Amino acid sequence: MAENVFLFIPNIIGYMRIVLALAAFYFMRTNYILTTFCYLLSGFLDAFDGHAARHYNQSTKFGAMLDQLTDRLALMCFCIGLSVLYPDYYFFFQLNCALDIASHWLHLHQSNLSGRTSHKLIDLSGNPILRIYYTSKPVLFIMCCGNEMFFGMLYLLYFAEGPKLLLDMGLYRLLMYISLPIMLLKALISLIHLITASKNMVAIDMAERSKSNVDSAEENLM
């Protein structure tokens, strides 16, 4: 009996993430507690679909693309909501979304052209920052969680400060300040992503053009 890739466990987790993200977007202006719960849970489940894929031997191209699209579009839609709540900072949210989507799309496309089975299988002789980012699971987990925490806390701050803690500072504001450097570092990594992937794409172009010129020269000699 043929396997149904759509019903693989990691893909089902992916569908759950999409449903939770949609619920978060729907309630974003009316129920900030439910929105935060659904959005952060959707992001938290991202840590489990990859483990499920490896554990059950259910790694698929569809699942990898589903995971990538969910990550990118969830952040984009959340930033659109934040730009409504914080209109003075709409350019920052636009820039963050553009950098996130462009860097990951170009990196993924370059990885496919290079014959890699996953965008996370990078050339270990390449950029050292990307090497650490993709080969150290704790680093990747902290960067992704810290980035999501910043935007989540920024959203909560629109409605409340949270329980008072250090120096009479609210919990949400404190967590936002703690996660701010992580968000900025992840944005820097996305920029490095974009530059590195662009250079790799040009290297592929140069190799293909060189091969094409050699083939043309050989044909002219025949």
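**A cavity and a helix pair**

Guide: Leu-75, Asn-96, Leu-99, Asp-100, Asn-147, Met-183, Lys-186, Ala-187 and Ser-190 line the largest cavity, each having an atom within 4 Å of one of its points. This is a predicted model, in which local features need pLDDT of at least 70 and side-chain atom pairs pLDDT 80 or more, while totals for chains, interfaces and linings use all residues. Residues are numbered from 1 along each chain as its sequence is written, and side-chain values use heavy atoms, with hydrogens and water left out.

Visitor: What makes this space a cavity?

Guide: On a 1 Å grid over the protein atoms alone, a cavity is a set of points where a 1.4 Å probe fits but cannot get out. The search of the whole structure finds one such cavity of 30 Å³ or more, and the largest cavity holds about 60 Å³ of space, counted as the space filled by probe spheres set on the points.

Visitor: Which elements give two or more residues to its lining?

Guide: They are α5 (90–113) and α8 (171–221), helices being DSSP runs (H or I, at least four residues) numbered from the N terminus. The largest share, four residues, comes from α8.

Visitor: Why are α1 and α4 called roughly parallel?

Guide: The axes of α1 (residues 9–26) and α4 (residues 61–85), lines fitted to C-alpha atoms over the stretch in contact, come within 10 Å and cross at roughly 10°. Angles under 35 degrees count as roughly parallel, and α1 and α4 are therefore roughly parallel to each other. Their contact (heavy atoms within 4.5 Å) includes Tyr-15 and Phe-25 of α1 and Leu-66 and Phe-78 of α4.

Note on methods
On a 1 Å grid over the protein atoms alone, a cavity is a set of points where a 1.4 Å probe fits but cannot get out, and a pocket is an open set with protein on both sides within 12 Å along at least five of seven lines; lining residues have an atom within 4 Å of a point. Axes are lines fitted to C-alpha atoms, for helices over the stretch in contact, and angles run from 0 to 180 degrees between N-to-C directions. Angles under 35 degrees count as roughly parallel, over 145 as roughly antiparallel, 65 to 115 as roughly perpendicular and the rest as oblique.
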